[in-house]
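Dear colleague,

Please find the structure below, with its sequence. A summary of the findings follows it.

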Amino acid sequence: MKGQTWRLAVTGIFIVMAFIGFWNTLRYWTLSGTDRQKMEEIRPGSAQELERKAMRLGLDLQGGLHVVLRVQMEKIEASARVDAVDRAIQVIRNRVDFTGVTEPVILKQGDDRIIVDLPGYTDAAQAENIIGQTAQLEFKLVESMENAGLILKKIDSIVVAAGKTGTESKVATAGAESKVKDSATTRDTSDVFGEMLKGDTGQVADTALSEGETPFTQYLEPFLYSSKNNTPWPGYVIAMRDRGLVERILAMPEVKRVIPEDVQFSWSTRTDIKAAQSVYYLYILKNKVQFLGKNLERIKLGRGQSQEHTVDFRLSGQSSAAFARLTGANIDKPLAIVIDNRVESAPFINSKIRNDGQITMGSSATIKDAQNLEIVLKAGALPAPVEIIEKNVIGPTLGSDSIRKGLISSIVGLIAVFLFVGIYYRLSGLIADIGLLFNIFFLLAIMAGLSATLTMPGIAGIILTIGISVDSNILIFERVREELRSGKTVRASIDAGYNRALLTIIDSHVTTLITAGALFIFGAGPIKGFAVSLFWGVTISLYTAVIITKMIFDIRKGYQSLSI
Amino acid sequence: MFRILKETNIDFIGQRYKAFTFSGILLAIGLFAIVMIILGKGNMGLDFAGGTMLQGNFNQAINVSDLRSAVTGGGFEEASIQKVERFNAPNSFIIRVKETTVGGEKAVDKLMSTILTSFPNNKFNKDSEHTIGPAVGESLRKTTQWAVLISVLGMLVYIWLRFDFRSGVAATVATFHDVIAVMGIFYILDKEVTLLLITALLTLAGYSLTDTVVVYDRIRENLKKFRKKGDFVNTVNRSINEVLSRTIMTSMTVLLVVVVLFLFGGEVLRDFSLAMILGVIVGTYSSVFVASPIVVEWEARSPRRFR
């Protein structure tokens, strides 16, 4: 009898604990939109806090973004490789925190991989921008117009020469757009021109070639003027559709050869709208890094003179002297602000800047762009470039659909097993069913209490638990039946059934737990969720299927017959 | 009291050579499948091979073969296209290709533009995309190998400690038998090897072992009771018969839930539940016809008292 009291007390405690564990999740799941608003009015942030405490739905259930990054170790020095991944994780975590995504999952996988899960976040491009940027901020001077002009002239003559060969073969063979492309000797360039002829610019290209004009520079519409003395600087507008073409010309080996080593062509970070079409900017820069952006402090958003977005910063001690020297020596010249080798903007230096600087964003930059820049600058630079090797965008529709399917299969599975056991073992079966319900309840409570993430495979684990959990009772009941057949009393049969089946049950549970453990330790992504729910489900079933059901039998122990 | 079976007295061990032949065929198919997978000729899912998965729905009904010819015409000759039954999106499809990029363009973008231009009057809405580089597959393969190795070793050691070395080996063989057999069947059905399939295989390994352990427990108990009368083979046979209704019942309940999962769990879990269904059936068979007969054969060759 004493043992009975103990078991009742422990079970009571478990039930209370389960309710506590479940409480937040229950409240969150039953929270309607207006309730949520009310909560926020009474105490701001309380709804979000509740959300954090509740059981989370995995990416597959609520939609979101799953990204796997690889830290490109080969691109950094060996000495920096030791903790590069950990530092990268720190930087990415900071960046994601700034975006306000709740409960991101950022994990290290293997030697050089990072998994980033952003539940509820579906803007893949934006996410790539935030987590993928190395955020190497550099300041570079723009090349002078004379030097840039010389380089461009050389490129033009190369392109014209290549184009001529292309045109000659075109003249030789009538209607031979395809032939031009096949021309073996000038393969690269004829490819370029083949493309050009097909595109919208075909007309222009054709005339340009026949008149021997400059086919490269005609794509470059200069825009970077110093308003003070009206000097042009090598910054050009390129129509969005021509970007590929320009890139291919710049990638031609002959062209590469004429670009001096200290000069680089750099694209703008984003497109802009000019004369009703999308354009990129192309800059010709001196590629010497004048100043590194890692000394920036107190980064915050601001507004420029013409109301464009800016990111303002302050420089610390020594670095401010260097910056003052740089800006002082280059007044009235443009200074390119380069992030990850793309030009954010190239404002003119008006005066010597000592402490406070400003990064002006292009006129097309939205507040989001400015915020992104702020985030990546604040969180610091990644220790090594990263590449995105896996990207999984799950729409919310897929999520609601999955939830529905998971719910249906859980309920149908539960009912099926419930009925099966109830009918086959009658009243005893119902007692097993009660144990099963407790199992599910405790399992959900533990997962809620641990703030575990519920995924589709996790639901599969719960459903499988339903099947495995009653197994223990079947083992016991079959044993009880055997004992009854051998002529024992009801009381003795029940006790013997439980005692003798116990070792077998433990054996069978341990083997399943070994599997769940291995899956948890080594499994990735979806497997982990499955392992967690299977592990807890099986562990709890030891208690619910053996102890709780026995307790119920013991309470009604005066009975002389057993419905089994 | 309901009973599926009255007391039975079936000579399971007497059937062992038939069972061994049957299992041999299953194993041969399974081993062939494994060799093919190792040689890289298996139907590896995107998880392992890398590739792109695009799921979406059309506004209006569409013929699968039209979609297929459009996608293959767009340069994806090995695309697999699957119609998905979904509640709030009736004309849903999953398109899987084993490429991540096509000629410098992302495969997803290429797929989308191919579909959009092929069916200009029937809008295709993207629900999800999934891209995995082959490098991910490589590391997954490694961790998966570890998971399989650790769990199998763990089980072997546990059975060895709880019973004896022979039983441990026999149970492990039976477990491998089940996993390999299901892999073989999946290979024949041309199902993809995915992460979820591996999960299912490991789970069924644990489950099949459970089944075997129950039989072993009873054999051990009966050996103590009947050590003096009756021989080893009879004791084993008797034990299997005694726990037969239990074996069938437990398999039935698990089968029930995995069938439900198969029917209602949706696309994501379909192959997982199919593997579990096959696994429960093969696992039940092997605990009766493989695990115990191996111990019997071993005992016949080098007699030693079953501990």
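Of the 307 residues in chain B, 56% are buried (buried means under 20% relative accessible area, exposed over 50%, and partly exposed in between, with a 1.4 Å probe and protein chains only). Residues are numbered from 1 along each chain as its sequence is written, and chains are lettered from A and ligands numbered from 1 in the order in which they are written. This is a predicted model, in which local features need pLDDT of at least 70, side-chain atom pairs count only at pLDDT 80 or more, and totals for chains, interfaces and linings use all residues, while side-chain values use heavy atoms, with hydrogens and water left out.

Confidence and fold

The model has an ipTM of 0.84 and a pTM of 0.69. The average pLDDT (the predictor's confidence in each residue, from 0 to 100) of chain B is 84, and 94% of its residues score at least 70. Chain B contains 10 helices and 6 strands (DSSP runs numbered from the N terminus: helices are H or I of at least four residues, strands E of at least two). Within chain B, helix α1 (residues 16–38) has the highest confidence, at 92, and strand β4 (residues 101–102) the lowest, at a mean of 75. Among contacts (heavy atoms within 4.5 Å) in chain B between residues at least 6 apart in sequence, 79% join residues at least 24 apart.

Nonpolar cores

A nonpolar core is here a set of buried Ala, Val, Leu, Ile, Met, Phe, Trp, Tyr and Cys residues joined through side-chain atoms within 4.5 Å. The largest has 114 residues, and those touching the most other members are A:Tyr425, A:Leu464, B:Tyr216 and B:Phe272. Helix α7 (residues 195–225) of chain B gives the most to this core, with 17 residues. Beyond its neighbours within four places in sequence, A:Leu464 is in contact with A:Phe530 and A:Leu534, and with B:Thr203, B:Val254, B:Val258 and B:Met276. A second, separate core of 28 residues includes A:Val85, A:Ala127, A:Ile130 and A:Leu382.

Cavities and a pocket

Grid points are joined across faces, edges and corners, and a volume is the space filled by probe spheres set on the points.

There are 6 cavities of 30 Å³ or more, and the largest cavity holds about 110 Å³. Among its 14 lining residues, A:Ile468, A:Asp471, A:Leu475, A:Ser508 and B:Thr210 are the closest to its centre. Helices α16 (456–485) and α17 (490–522) of chain A and α7 and α9 (244–264) of chain B each supply at least two residues of this lining.

The second largest pocket has about 1100 Å³ of space. Its lining has 43 residues, with A:Glu308, A:Ala346, A:Pro347, A:Phe348 and A:Thr360 nearest its centre.

A:Asp332 lies in the loop between α13 and β14 of chain A and is partly exposed, at 24% relative accessibility. B:Asp190 lies in the loop between α6 (165–188) and α7 of chain B and is exposed, at 54%.

Yours sincerely

How values were computed:
On a 1 Å grid over the protein atoms alone, a cavity is a set of points where a 1.4 Å probe fits but cannot get out, and a pocket is an open set with protein on both sides within 12 Å along at least five of seven lines; lining residues have an atom within 4 Å of a point.
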